[in-house]
Amino acid sequence: MGITTIAFILLSLMAIGSAIMMISSKSPVHSVLWLIVVFFAISGHYILLNAQFLAIVNIIVYAGAIMVLFLFVVMLMNLNAETEPIKNYRLRLIGILSGGSLLLVLIAAMMKIDVAQPVLMSTGDSGLIKVLGHALFTNYVLPFEISSVLFLSAMIGAVIIGKKE
Amino acid sequence: MNMVWLIPILPLIGFLINGLGRNSLPKAVSGFIGSITVLGSFVLSLLVFMQVKAGNFHQTLHYFDFIRLESFTIPFDFSIDALSTLFLLIITGVGFLIHVYSTAYMHEEDGKDYAKYFAYLNLFVFSMLLLVMGGNFVVMFIGWEGVGLCSYLLIGYWYKNEAYTDAAKKAFIMNRIGDLGFLLAVFWLISKLGTVQYDEVFNAANLAKLTATDITGITLLLFVGVTGKSAQIPLYTWLPDAMAGPTPVSALIHAATMVTAGIYMIARSNALFSLAPITQSVITIIGLATALLAATIALRQYDIKKVLAYSTVSQLGFMFLALGTGNYVAAVFHVLTHAFFKALMFLGSGSVIHAMGGEQDIRNMGGLHKHMKITSITFLIGCLAISGIPGLSGFFSKDEILAGTFAHSPLLYGIALFTALLTAFYMFRLYILTFSGTFRGTHEQEHHLHESPKAMTIPLIVLAVLSIIGGYIGVPEALGGHHELAAYLSPVVKSATHHLSHNTEYILMAVSTLLVIVSIFIAVFRFRRYSTEQNNVVTKWLENKWYIDELYDAIIVKPIKGISNFLNQIVEKRIIDGAVNGVGRAVNYGSRQLRWLQSGQVGAYVLLMVIGMLLLFIIQLFL
Amino acid sequence: MDIKAYIILSLTLFTIGVIGVLVRRNAIIIFMCVELMLNAVNLLLVAFSKMHAMSAAAKALPTFASDAQIFVFFIMVVAAAEVSVGLAIIVMMYRNIHSVDINFLNRLKN
């Protein structure tokens, strides 16, 4: 068992555990923090896969910007465990059961397909900034520019929605 | 000879003009158009008749294909030969006289109704001409249906009276029952021979293709059609009710022409019927039974037109007796003479009704001879003719039927002779009650009595003359004649020849003449001083027409009503409605239950979505 | 590392996201669960890209393996835009009904 496998297992356990904590914690603030942990774990996976650019972007955009935005909103609303609405116990059970069976079915489906190819770990230059940046500004320059328009419209939309009457 | 198609077209044109212009045409014009078109047809028919008689015309005229299918074609043909020309003359000749008569008889109607009347009458003549001119069974069927329709329209002419429209419906439905038989026979012919053309069906090669069962079946079905149209047992009851129509209509349709369509059809198909002994027996029995039944009913009727109607049914029975015994020429001969004297008597009764201001009950008449001599004398001629007094037309035709029957079976002859005596009896009962003795109606009616206008009396006189001389075209050999009618019809109608010695015929004639005269005298003495007739069980029975209508009501109408009621109440309401409403209710109930699923809660929707995805995955992967 | 391990990991994270959406009523948490699902998919995409990096096609075409990562990058872009609008909507909703409970959002019923 190499160091990569150990790191994979650790990061996986961390991601799954934090995700479970995220959906089960009563306080929204805690949920946000647990989600940040999940994102860090996923970034760790990216590093394991030698996708350095995505690992950095994930931390900056998700764990940084987006989660801070969430945290900011939660704080703004002053949400805490007491204001959390109580979910019907039976519905919660049904939700968990159906979600669990979905997982089972999906894994069963995966077992049916026959891929046993290994994943290239820690090496390979496809995830490097240099390669991605080159692809982004040559082959994908039009989608890249359009995504900036998307951001602009999202920004305008957010301002208009959030504006007081 | 290219003018043949004009014969039926002229009345059709008259129908279209009168029918379309009924709101604007003045009465005189519509009456004139109605009469002149039929007169035109009559003249053309006469020309055609002359040619056929000269022996240089006998053919099928093809106009266009009526139905063209892959396997067979039904052409629209006219068949011009001895038989059809004879009927053409009867239809257009008698039809023309009745049109002329109608111009006066219907004078009190509104201009609109007046034109409508003539339109219907012309349409009837058109249909009837189509029926007899048709070169195959299908064209005949078109006319057959057409006359049924016109009969319906004209019986219900005074449609505001509900009883009259009921009578019209009765006639139509009875005819429809018969028509079904006709139609089935035509289908049978098509399926077996692939043709309905007369000259193809009736040639020996094709007839040989038919088995005995086929022939019996086809002829019986045709005869079912005939019983409807020609008012034989069991479908005769419509004819007496058909007297609801205007009297000239009764004369034209329900005495002279339409009801003889059945005779025409059987005479036309004589080649087929001669091969079906079973059918011939059926026709004989039904004809004789009808003749006797109707004659007994006529003994005790008080409505002048009803008496004549039953007399018509009875005479038609005679004709079928002749057809059944294979004596086709005699049947056609009787059609001819009967058309004259029955039209005469109907028109005479119309004249009487006209004078009486609509009164039809002979118990309220009497002594009319003083007031309307022409009507009275012509009516008397008609009565004598129908009774079979020697020298008048009825004698020759009736005698021929009786002689043929005697050759066939003396027993049937006995019954037929008895019926003939009854005929003489009730006709003179009618005549005496109407025209002699003293007037029994109200003073107003008596004051109103008058002879009818010329337009009515002239047709009467013409018909009376024809009733006298009409028989001389068929003088039997025993009386030194040649029977020209038989000679004329011989190319088309192959009558069974009976071998009676002249002496036997003389005896038969003498017996029937003697008995008829006795019967007339009894009637005259019996009813000369009429007050009332006693009623006993038998007369009551006769007066109510043997309760045949009630019988039909009980055995046919009531059960059908019962079944319909059952279908309506149980099957329709419970089962069909129940099924339909049940589906509706189930959907309603189901949706009310499903409504709870639409809670509006996003969480529930997401849950359902996940479960749905799950199911799809499971189905896709494992099933 | 076997690709199946990554698939199972991604499925697990994804399903946790689904369960979160199903059991929680707080709109912000549900929103975060959606983000979690997106990330599970991102992880799988990257894993697949690295799996194909060793295939013959990738050797012929230099950018073949990085396409999937570009895709992930765009997913992140869209997610960022989505979050900005989504949070604005949640704020708006909180301002109107003083709650982030989605059960109060049953206007769909009528």
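Modeller: Let's start with A231(B), which counts as buried, with 30 C-beta neighbours inside 10 Å. Here buried takes 20 or more other C-beta atoms within 10 Å of a residue's own, exposed takes 12 or fewer, and partly exposed is in between, with C-beta atoms placed from the backbone. Bear in mind that this is a predicted model: local features need pLDDT of at least 70, side-chain atom pairs count only at pLDDT 80 or more, and totals for chains, interfaces and linings use all residues. Residues are numbered from 1 along each chain as its sequence is written, while chains are lettered from A and ligands numbered from 1 in the order in which they are written.

A231(B) sits in the loop between α9 and α10 of chain B, and its phi is near 55°, a positive value in a residue other than glycine. Helices are DSSP runs of H or I with at least four residues, strands are E runs of at least two, and both are numbered from the N terminus.

Elsewhere in chain B, helix α18 (residues 393-408) packs on helix α23 (residues 502-527) at an angle of about 120°, with the axes 10 Å apart. Those axes are lines fitted to C-alpha atoms, for helices over the stretch in contact, and angles run from 0 to 180 degrees between N-to-C directions. The pair is therefore oblique; under 35 degrees would be roughly parallel, over 145 roughly antiparallel, 65 to 115 roughly perpendicular, and the rest is oblique. From α18(B) the contact takes D399(B), L402(B), A403(B) and F406(B), and from α23(B) it takes E505(B), L508(B), M509(B) and S512(B). Contact means C-beta atoms, placed from the backbone, within 7 Å. By class, that's five nonpolar, one polar and two charged residues. Nonpolar covers Ala, Val, Leu, Ile, Met, Phe, Trp, Tyr, Cys and Pro, charged covers Asp, Glu, Lys and Arg, and the others, Gly among them, are polar.

Further along chain B, helix α25 (residues 548-594) bends by about 45° at E572(B), the bend being the angle between axes fitted to the seven residues ending there and the seven starting there. Of the 47 residues of α25(B), zero are buried, so this helix lies largely in the open.

On to chain A, which has six helices and zero strands. Of its 165 residues, 31% count as buried. N50(A), in the loop between α2 and α3 of chain A, has phi near 60°, a positive value in a residue other than glycine. N50(A) is partly exposed, with 19 other C-beta atoms within 10 Å.

As for the partner chain, 71 residues of chain A are in contact with 62 residues of chain C. The chain A side divides into 52 nonpolar, 16 polar and three charged residues. L43(C) is buried, with 27 other C-beta atoms within 10 Å. Leaving aside neighbours within four places in sequence, L43(C) is in contact with I42(A), H45(A), Y6(C) and S10(C).

Technical notes. Two residues are in contact if their C-beta atoms, placed from the backbone, lie within 7 Å.
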